[in-house]
Amino acid sequence: MDFNLTDEQELLRNGLTKFLSTRYDLEKSRAAAKTGPGWQPEIWQAFAEELGLLGATLPESVGGIGGGPVETMVIAEALGHALVIEPYVDTVVVAGGLLQRAGGDTAHRLLGRIAEGSAVVALAATEPQSGDWWRDVATTARRDGDQWVLDGAKIVATTAPLASHLLVTARTSGNQRDAEGISLFLVDMGAGHPGLALNSYRTIDDRRAADITLEGVRLPADALLGAAGQAWASLEQARDEGATAICAEAVGGMRKVLDDTVEYSKQRHQFGQPIGSFQVLQHRMVDMHMELQQAIAAVYLAVLNLTADAATRARAVSAAKATVGRAARFIGQNAVQLHGGMGMTEELAIGHYFKRLTAMQYEFGSTDHHLTRYAQLTRS
């Protein structure tokens, strides 16, 4: 099987890599994350206007380029290598996919705004009782005249504090854990909604997230995206697409961490010689390299199966998420250990990458969750 990129995909990767190497400063991004607005809006706008990045995988009908899973992988890996905090996966991959499948004028207009960089969209799907299972939805939505009324709570909605729009899952029928009856609603954060409250915070990897409460939140009739009660299949696909993009992002981060560790081992001297000359440390770095290669292969498998039937896609994605989760833990921990005490300082990049690689193990389903899902899928 040919895993080589096309000329267009190579241009996309090279252009983005050059932009990030010259324009994306790690120290500035950490300052924005810790003490500033949580991201760099000017970088987001440059992604849209200078690179066409935000529309690269969106349909041409909304101003995009019409790329697919491979383009998403290329972009996510480059963003992970540079430790970009701007919400590409949440807005373009997850929300963009949901909006495309929902269809309709409202979704079409919002996709156009995502492509041009004027909208940031976040999904609020996790609930206090649901854990890794998005299908466990206790939030309800009921019709009241020409409006929808939402009641419930969401937790750890990443990107929500930065978002211009939220996509909120709510149950319009069925029992709490049924696949049938889950609907998707669009909430315009600029419109003002009594009863909607966000408790925002910074996560361990310097991202922004929020816990959300909805108490009698009223939305217009066109806030419903797609058919009522039929959102689960699209949500499940969006989660797999998000998980695959996060895996690709993790590969970019692991490449950077391994390269920095190898370089550090050549420069750091102990007992009169570089620590990289010690055989036991060479073996450790070879083990890190092997974990990275397995993760890369698993990501390829997931990317190539994103357009397959649901069961095949799910197996490939869960295999990738479990493999990448293990690799991220091994490479991140060993990189910090090989750097010694410097590995956890704010001044050295390795500590920031380690925190991001740790958080990635839990996004779009933990490593244990995907191991369980893979076991269930292979038994059936």
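Predicted model: local features only at pLDDT ≥ 70, side-chain atom pairs only at ≥ 80, totals over all residues.
**Helix 9 and helix 10**

Two packed helices are described by the angle between their axes and the distance between the axes. Helix 9 (residues 310–339) packs against helix 10 (residues 349–360) at an angle of about 155°, and their axes lie 9 Å apart. Because angles over 145 degrees count as roughly antiparallel, helix 9 is roughly antiparallel to helix 10. The crossing of the two helices is left-handed. On the side of helix 9, the contact is formed by K321, A328, G332, Q333, A335, V336 and H339, while helix 10 contributes I350, F354, L357 and M360. By class, the residues of this contact comprise seven nonpolar, three polar and one charged.

**Pockets and cavities**

The table gives the volume and the lining classes of each space.

| Space | Volume | Lining residues by class |
|---|---|---|
| Largest pocket | about 750 Å³ | 21 nonpolar, eight polar, 11 charged |
| Second largest pocket | about 490 Å³ | 12 nonpolar, five polar, six charged |
| Largest cavity | about 40 Å³ | six nonpolar, no polar, two charged |
| Second largest cavity | about 40 Å³ | six nonpolar, two polar, one charged |

The largest pocket is lined by 40 residues, and those nearest its centre are D90, V156, T158, E363 and F364. Two or more lining residues come from each of helix 4 (69–81), helix 5 (88–102), strand 1 (121–124), strand 3 (147–158), helix 7 (232–267) and helix 10. Strand 3 gives the most to this lining, with five residues.

The second largest pocket has a lining of 23 residues, of which R13, T17, E77, A78 and H81 are the closest to its centre. Helix 1 (7–23), helix 4, helix 7 and helix 10 each supply at least two residues of that lining.

The structure also holds two cavities of 30 Å³ or more. The largest cavity is lined by M73, E77, A248, V251, R255, I296, V299 and Y300.

How values were computed: Residues numbered from 1 in each chain as written. Heavy atoms only, no water. Axes fitted to C-alpha atoms, helices over the stretch in contact; angles between N-to-C directions. Helix = DSSP H or I, 4+ residues; strand = E, 2+ residues; numbered from the N terminus. Parallel < 35°, antiparallel > 145°, perpendicular 65-115°, else oblique. Left-handed = near helix turned anticlockwise from the far one by under 90°. Contact = heavy atoms within 4.5 Å. Nonpolar A, V, L, I, M, F, W, Y, C, P; charged D, E, K, R; others polar. 1 Å grid on protein atoms, 1.4 Å probe; cavity = no way out; pocket = protein on both sides within 12 Å on 5 of 7 lines; lining within 4 Å. Points joined across faces, edges and corners; volume = space filled by probe spheres on them.
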